[in-house]
Amino acid sequence: MQPLIQSSSDFDAIALPRLVALLGDRIVNSRVVREQHGHGEGLPDSAMPDAVAFAETTEEVSAIAAICNETRTPLIPFGAGSSLEGHVVPLYGGVALDLSGMTRIIEINAESMDCRVEAGVTKEQLNTELRSSGLFFPVDPGAHATLGGMAATRASGTNAVRYGTMREVTLGLTVVTPEGRIIRTGGRARKSSAGLDLTRLYVGSEGTLGVITEIALKLSGIPETIASAVCQFPDMESAVGTVIAALQIGISVARIELADQMQMRACIRYSKLDEFQELPTLFFEFHGTPAVVAEQTETMQSLASDFGGSGFQFANRPEERSRLWTARHNAYFANVALIPGYKLIGTDACVPISELAACIEATRKDIAESGMVAPLVGHVGDGNFHLAILFDPDRPEERKKAEALASRVSLRAIEFGGTCTGEHGIGIGKMRYMETEHGDALDVMRTIKAALDPNGIMNPGKMLPSGMGEH
């Protein structure tokens with residue numbers, strides 16, 4: 001492998017003139033724009049690219065990639081910048097490739113319940129366009145994210161327990177390879193046995209193998225009835241026990257979200273939710289016909305009561321549902337505001353449902369022993385939970401304690417038969433756990449990276465530790 005460009009002066013002399021000839025004023029190297037593209041959310045660290053390229057077509061992305069590959073310039077795909085594990089931090093400078101201007105909804109096939117969109121389309125934009133068709137796109141990561149970024153990080157969110165993750169809803173992709181080739185993977189058929197599944201290879205690859213420029217997606221019908229419910233519990237064991245029991249007896253829920261005492265404290269303060277107590281809380285959503293939803297809600301209320309749940313609130317009108325979900329929807333902002341001046345390290349983990357109660361209990365004990373403030377919230381219907389670990393940025397020892405706690409959460413999840421990340425991805429923040437989780441399979445990943453990106457330009461320094469992509 002030949003080395004990447006080592007300095008900004010090399011970039012200015014070698015790559016920048018060619019990019020300017022291609023893009024004109026859509027290649028930007030002002031400090032303000034570079035700083036904006038030097039970080040995501042979640043991790044407090046940042047770096048600056050040498051320039052930001054604002055692409056508008058797949059053909060432009062192809063030309064940009066070819067220039068970067070020929071000049072050994074790092075290329076970092078950038079969507080909305082909402083990733084949480086440092087995925088978009090340009091560790092070695094280079095070009096941040098901003099795809100947010102690629103916002104065409106190329107086609108919607110209502111009868112087949114699928115669509116094709118460009119990478120810069122957001123889930124909100126797509127659902128607005130789908131409203132009149134009776135369809136919707138169900139994957140909701142809880143952030144203003146682009147669909148290209150969601151595919152690249154294999155995002156999921158609150159609806160995953162019923163509708164799946166980006167892995168399940170992505171039918172095919174248009175990908176620009178590092179050398180600038182444009183390829184199409186997958187198709188509109190709901191299943192195929194033809195060849196290697198390249199779509200699944202690129203979904204979750206975090207920009208390390210190529211640039212996703214278009215996505216073909218499955219859509220779902222808007223449910224006839226949607227109902228929400230909230231219930232509070234005396235302790236976390238009771239709340240988690242309710243979730244496990246509900247899944248085991250087959251209650252069909254679209255969402256099951258959990259917030260612990262500290263998370264509810266933050267949400268009550270931030271959103272002024274005086275009707276709630278600082279107790280472990282479950283948030284539910286049910287989709288289906290009126291009769292099915294009524295039956296499922298009644299069964300869930302009875303089950304929650306058996307586990308000591310109380311204060312069961314129910315709503316089916318949109319404004320009432322929004323009110324019940326306010327605490328969960330504003331959880332991130334509530335955590336940021338919980339201790340003024342503090343920074344936040346967010347981490348997630350996912351374990352088999354059978355191990356969820358034990359893993360959460362061990363995690364909560366760890367939080368208490370660490371002395372850190374770390375609200376816990378989770379998409380517990382599929383075993384996924386999150387911590388928001390707060391620390392004083394002016395005290396380096398506190399950041400070390402926060403990082404140590406996050407590390408123990410990841411390793412504990414792997415020990416329980418799970419994964420260090422259910423939906424945030426690896427990025428920079430979780431590379432250290434890849435070998436523990438994947439063992440010898442990590443060498444196969446490095447082999448694939450070397451084959452598809454031999455010059456190591458694609459998002460270097462991410463996902464794969466001490467192998468290809470680190471310089």
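Contact, on this tour, means heavy atoms within 4.5 Å. Keep that cut-off in mind at each stop. The model on your screen is predicted.

**Stop 1: Arg 255**

Select Arg 255. You are in strand E13, which covers residues 255–259. Now show what surrounds Arg 255. Leaving out residues up to four places away in sequence, Arg 255 touches Asp 140, Thr 158, Asn 159, Val 161, Phe 283, Phe 284, Glu 285, Trp 325 and His 329. Is Arg 255 buried or exposed? Its relative accessibility is 11%. Buried means under 20%, so Arg 255 counts as buried.

Next, show side chains. The side chain of Arg 255 makes a polar contact with the side chain of Thr 158, at 3.0 Å. Then pick Asn 159. Its side chain also makes a polar contact with the side chain of Arg 255, at 3.0 Å.

**Stop 2: Asn 384**

Move to Asn 384. This residue is in strand E18, residues 384–391. Asn 384 is buried, and its relative accessible area is 2%. Which side chain makes a polar contact with the side chain of Asn 384? Select Asp 348: the two side chains make that contact at 3.4 Å.

Now colour the other contacts. Set aside neighbours within four places in sequence. Asn 384 is then in contact with Asp 348, Ala 349, Cys 350, Gly 378, His 379, Gly 422 and Glu 423.

**Stop 3: Phe 136**

Select Phe 136, in strand E7 (residues 135–136). Phe 136 has a relative accessible area of 15% and is buried. Look at what it touches, again skipping neighbours within four places in sequence. The contacts of Phe 136 include Asn 127, Leu 130 and Tyr 163. Further along the chain, Phe 136 is in contact with Leu 219, Ser 220, Gly 221, Ile 222 and Pro 223.

Pick the C-alpha atoms of Phe 136 and Glu 124. These residues are 12 apart along the chain, and their C-alpha atoms are separated by 9.9 Å.

**Stop 4: helices H16 and H17**

Time for helices. Two packed helices are described by the angle between their axes and the distance between the axes. Select helix H16, residues 356–370, and helix H17, residues 396–415. They pack at an angle of about 165°, and their axes are 11 Å apart. Angles over 145 degrees count as roughly antiparallel, so H16 and H17 are roughly antiparallel to each other. H16 passes H17 in a right-handed crossing.

Which residues of H16 make the contact? Show Cys 359, Ala 362, Thr 363, Asp 366, Ile 367 and Ser 370.

**Stop 5: helices H10 and H16**

Now show the side chains where they meet. H10 brings Met 236, Glu 237, Val 240 and Ile 244. H16 brings Leu 356, Ala 357, Ile 360, Glu 361 and Arg 364. How many residues in the contact of H10 with H16 are charged? Three are charged, six are nonpolar and none are polar.

**Stop 6: helices H11 and H15**

Select helix H11 (residues 261–271) and helix H15 (residues 331–338). Their axes come within 8 Å and cross at roughly 90°. That makes H11 roughly perpendicular to H15. On the H11 side, show Met 262, Gln 263, Ala 266, Cys 267, Arg 269 and Tyr 270. On the H15 side, show Ala 331, Phe 333, Ala 334, Asn 335, Ala 337 and Leu 338. This contact of H11 with H15 has nine nonpolar, two polar and one charged residues.

**Stop 7: two positive phi values**

Finish with the backbone. Most residues other than glycine have a negative phi. Select Glu 206, in the loop between helix H9 (198–202) and strand E10 (211–218). Phi of Glu 206 is positive, near 60°. Glu 206 counts as buried, at 6% relative accessibility.

Last, select Asn 459, in the segment after helix H19 (441–452). Phi of Asn 459 is also positive, near 45°. Asn 459 is buried, with a relative accessible area of 2%.

Conventions
Residues numbered from 1 in each chain as written. Predicted model: local features only at pLDDT ≥ 70, side-chain atom pairs only at ≥ 80, totals over all residues. Heavy atoms only, no water. Axes fitted to C-alpha atoms, helices over the stretch in contact; angles between N-to-C directions. Helix = DSSP H or I, 4+ residues; strand = E, 2+ residues; numbered from the N terminus. Parallel < 35°, antiparallel > 145°, perpendicular 65-115°, else oblique. Left-handed = near helix turned anticlockwise from the far one by under 90°. Buried < 20%, exposed > 50% of the residue type's maximum accessible area, 1.4 Å probe, protein only. Polar contact = N/O pair within 3.5 Å; in protein donor to acceptor, adjacent residues only side chain to side chain. Nonpolar A, V, L, I, M, F, W, Y, C, P; charged D, E, K, R; others polar.
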